[in-house]
Amino acid sequence: MPLHIETPLVPSSPLSREGLEVWLKLEALQPPGSFKIRGIGHACERHAQAGKRRFVSSSGGNAGLAVAYAGRRLGLPVTVVVPETTSARARALIEAEGAELRVHGAAWHEANALALSLVDETTAFLHPFDDPLLWEGHASLIDEALRQGARFDAVVLSVGGGGLLAGVVEGLKRNGLSTPVFAVETHGAASLARSVEAGQRVELSEIATVATSLAARQVCEQAFELTKRHDIRPVLVSDRAALQACERFLDDHRLLVEPACGAALAALEVADLTAFRSVLVVVCGGAVATIDTIRAASAALAPAA
Ligand SMILES: *Cc1c(COP(=O)(O)O)cnc(C)c1O
């Protein structure tokens with residue numbers, strides 16, 4: 001039994017339009033709140049089989065939450081080291097999964113350094129996106145959608161560090177598909193789009209977005225390399241559009257998702273989908289936002305010009 005669940009594949013009337021059928025893969029329903037458990041659950045199981053007795057993560061977001069959940073399910077202790085900037089809600093969610101939470105440093109790299117120093121022969125460190133085991137696990141999302149009868153001629157998903165993208169492309173490939181993938185980021189976290197433009201992997205000097213789960217300054221090498229071998233089309237959306245998409249999705253489908261996921265939903269309005277009749281949207285989810293944080297973020301944005 002894998003640690004992730006099989007999620008529903010549902011057609012969306014509210015998001016579909018004349019000439020475009022929209023299918024949703026509801027990863028928001030994974031027990032720890034996002035698709036991350038597919039890859040992290042798979043990696044943790046492999047590590048446990050290889051004799052690891054403890055897991056360490058430095059993610060104060062959905063990756064840390066997935067590691068905490070996986071450890072609890074496998075009966076192995078987990079330590080998550082987060083910086084002081086991590087929200088009270090994220091801390092509480094990680095602790096509620098029974099993980100040891102250590103708060104260290106003003107910024108993520110300090111927490112990450114401490115997490116790495118805890119790694120020893122029997123402890124596995126789980127990276128949030130740059131790990132072939134993660135991609136292999138995320139790929140199950142495509143196997144499953146196909147088994148459920150999904151027929152789609154494009155995929156829409158969000159990109160942070162590019163682990164989800166790498167996994168979905170792996171899933172398409174292992175099913176013999178070369179389906180185009182729309183890779184969505186917010187303007188303030190456009191690490192993939194900027195790299196594709198520059199023709200080389202670039203590191204952003206700063207990140208400014210409400211979509212905190214997309215806040216990777218650089219995508220993993222694998223995600224960038226795949227843009228040369230697979231039809232991957234970067235799409236950028238505004239923070240405002242991502243937040244509005246969250247509110248609309250709550251009304252339409254009764255599910256709350258993070259702005260990181262709202263970005264993929266908002267891309268349906270922005271991306272050029274005229275060549276496609278049916279798209280699969282990965283509703284990646286996210287447990288860290290609440291309706292109050294989403295509305296507060298909307299209110300804090302400058303009024304539309
Ligand atoms: C991690 C995450 C992403 C981005 O995934 P990457 O593998 O880093 O590209 C998007 N949405 C949510 C909710 C996430 O937790």
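1. The shell around the ligand is made up of 7 nonpolar, 8 polar and 1 charged residues. In this division Ala, Val, Leu, Ile, Met, Phe, Trp, Tyr, Cys and Pro count as nonpolar, Asp, Glu, Lys and Arg as charged, and the others, Gly among them, as polar. The model is a predicted one, in which local features require pLDDT of at least 70 and side-chain atom pairs pLDDT 80 or more, while totals for chains, interfaces and linings use all residues. Residue numbers start from 1 along each chain as its sequence is written, and side-chain values use heavy atoms, with hydrogens and water left out.

2. Around the ligand stand 16 residues, and the closest are K36, G160, G161, G162 and L164; a residue is counted here if one of its heavy atoms lies within 4 Å of the molecule. Domain 1 (9-35 + 133-300) and domain 2 (36-129) both contribute to this shell, so the ligand lies between them. The domain bounds come from an automatic or database domain assignment.

3. A polar side-chain atom of K36 is placed 2.6 Å from a ligand oxygen atom. From the backbone, an N or O atom of G161 lies 2.8 Å from an oxygen atom of the ligand, and a polar backbone atom of G162 is 2.8 Å from a ligand oxygen atom. The ligand taken alone exposes 380 Å², of which the protein buries 98%; these areas come from the Shrake-Rupley method with a 1.4 Å probe.

4. Helix α11 (residues 259-270) comprises 12 residues; helices are DSSP runs (H or I) of at least four residues, numbered from the N terminus. From first C-alpha to last, α11 reaches 16 Å, close to the 16 Å expected at 1.5 Å a residue, the expected span being 1.5 Å times one less than the number of residues. Because 10 of its 12 residues are buried, α11 is largely enclosed by the rest of the structure. Buried means under 20% relative accessible area, exposed over 50%, and partly exposed in between (1.4 Å probe, protein chains only). Among the buried residues are P259, C261, G262 and L268.

5. R254 is found in the loop between α10 (239-253) and α11. Its relative accessibility of 63% places R254 in the exposed class. The phi angle of R254 is near 60°, a positive value in a residue other than glycine.

6. R73 belongs to helix α2 (residues 62-74) and is partly exposed, at 40% relative accessible area. Between R73 and E97 there are 9.5 Å in space, C-alpha to C-alpha, and the two are 24 residues apart in sequence.

Conventions: Helices (H or I, at least four residues) and strands (E, at least two) are DSSP runs, numbered from the N terminus. A polar contact is a pair of N or O atoms within 3.5 Å; within protein, one must be able to donate a hydrogen and the other to accept it, and residues adjacent in sequence count only if both atoms are side-chain atoms.
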